[in-house]
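Morning, everyone. I have one structure to walk through today, so let me put it on the screen.

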Amino acid sequence: MSDLRRDEVVFRQSVAADAVFYIQKGKIKIVVTSKQGKEAVVGILGVGEFFGEGCLIGQPLRLATAKAMIESQVVRVGKAEMLRVLHAEPTFAELFMTHLLTRNSRIEEDLVDQLFNSSEKRLARTLLLLANFGKEGGPQPITTRISQETLAEIIGTTRPRVSHFMNKFRKLGFIAYNGHLEVHSSLLSVLLRD
């Protein structure tokens, strides 16, 4: 188990992939960097989620960098131990498979979003997801500080475009800033309009 400070790296892109990680506390950002140095955030993961599972399919090197967004705690499970537990514990294997299928579905939704929606709609969807919209209890305040630059990296646009849409959403009452970001259900209207 490792306690991580904000911005501490769990693993870097292109290093040996030899373990799976489980988030006990905090949030982890998964970032891919191109050869030209351009970064894209491909995932923000929270408590109860796994990451680094590519090693289980023979991926020799990490495809992304994993970094703590806030103080976090992760459990490292070596590849051999993870494979042993998956074979020996059917209940755990089922939980892990559910995680993988859920993550795969989310990645497919992200790809469709990137291909067919405007940056305004992509931002609205990202904010709703970060606020756990659609889960029990309705949208939750986003207490983890997420910069406009990070939001731009997630949705594939520029920080000024994110700033423009965030101001627009605030003026329309879709979001509020009070030391943390509150996302209101009315933001869903951005996704529903054609």
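Start with Asp113. This residue is buried, because its relative accessible area is 6%; buried means under 20%, exposed over 50%, partly exposed in between, with a 1.4 Å probe and protein chains only. Before going on, the ground rules. This is a predicted model, where local features need pLDDT of at least 70 and side-chain atom pairs count only at pLDDT 80 or more, while totals for chains, interfaces and linings use all residues. Residues are numbered from 1 along each chain as its sequence is written, and side-chain values use heavy atoms, with hydrogens and water left out.

Back to Asp113. What does its side chain meet in a salt bridge? The partner is Arg125, at 3.6 Å, N to O. A salt bridge here is a side-chain nitrogen of Lys or Arg within 4 Å of a carboxyl oxygen of Asp or Glu. Asp113 lies in helix α2 and Arg125 in helix α3 (residues 119-130), so the pair ties together parts that are 12 residues apart in sequence. Helices are DSSP runs of H or I, at least four residues; strands are E, at least two; both are numbered from the N terminus. Arg125 is buried too, with a relative accessible area of 14%. Both residues belong to a salt-bridge network that also links Arg106, Glu109 and Asp110.

The structure holds 9 salt bridges. Here is another one. Lys168 pairs with Glu120, and the closest N and O atoms are 2.8 Å apart. Lys168 sits in helix α5 (residues 159-171) and Glu120 in helix α3, so this pair ties together parts 48 residues apart in sequence. Lys168 counts as partly exposed at 30% relative accessibility. Glu120, at 11%, counts as buried.

Next, Arg76 and Asp18. Their side chains form a salt bridge at 3.2 Å, N to O. That links distant parts of the chain: Arg76 is in strand β8, Asp18 is in the loop between β2 (9-11) and β3 (19-25), and they are 58 residues apart. Buried or exposed, or in between? Arg76 counts as partly exposed at 44% relative accessibility, and Asp18 counts as partly exposed at 40%.

Stay on strand β8, residues 72-78, where Ser72 is found. Ser72 counts as buried at 2% relative accessibility. Its side chain reaches the backbone oxygen of Ile70 at 2.8 Å. Leaving aside neighbours within four places in sequence, Ser72 is in contact (heavy atoms within 4.5 Å) with residues including Lys25, Gly26 and Ile28.

Gly26 comes up again with Gly46. Gly46 contacts Ile23 and Gly26, again leaving aside neighbours within four places in sequence. Its place is in the loop between β5 (39-45) and β6 (50-51). At 9% relative accessibility, Gly46 counts as buried. Lys25 is 21 residues from Gly46 in sequence, and 7.4 Å away in space, C-alpha to C-alpha.

On annotation, an unreviewed UniProt entry places "domain: Cyclic nucleotide-binding" at residues 1-103. Over that range, the chain is 23% helix and 38% strand, and the end C-alpha atoms are 23 Å apart.

Last stop, helix α2, residues 90-116, where Val112 lies. Val112 is partly exposed, with a relative accessible area of 44%. That's all from me.

How values were computed: A polar contact is a pair of N or O atoms within 3.5 Å; within protein, one must be able to donate a hydrogen and the other to accept it, and residues adjacent in sequence count only if both atoms are side-chain atoms. UniProt positions are given in the numbering used here, feature names are shortened, and annotations may be inferred rather than shown by experiment.
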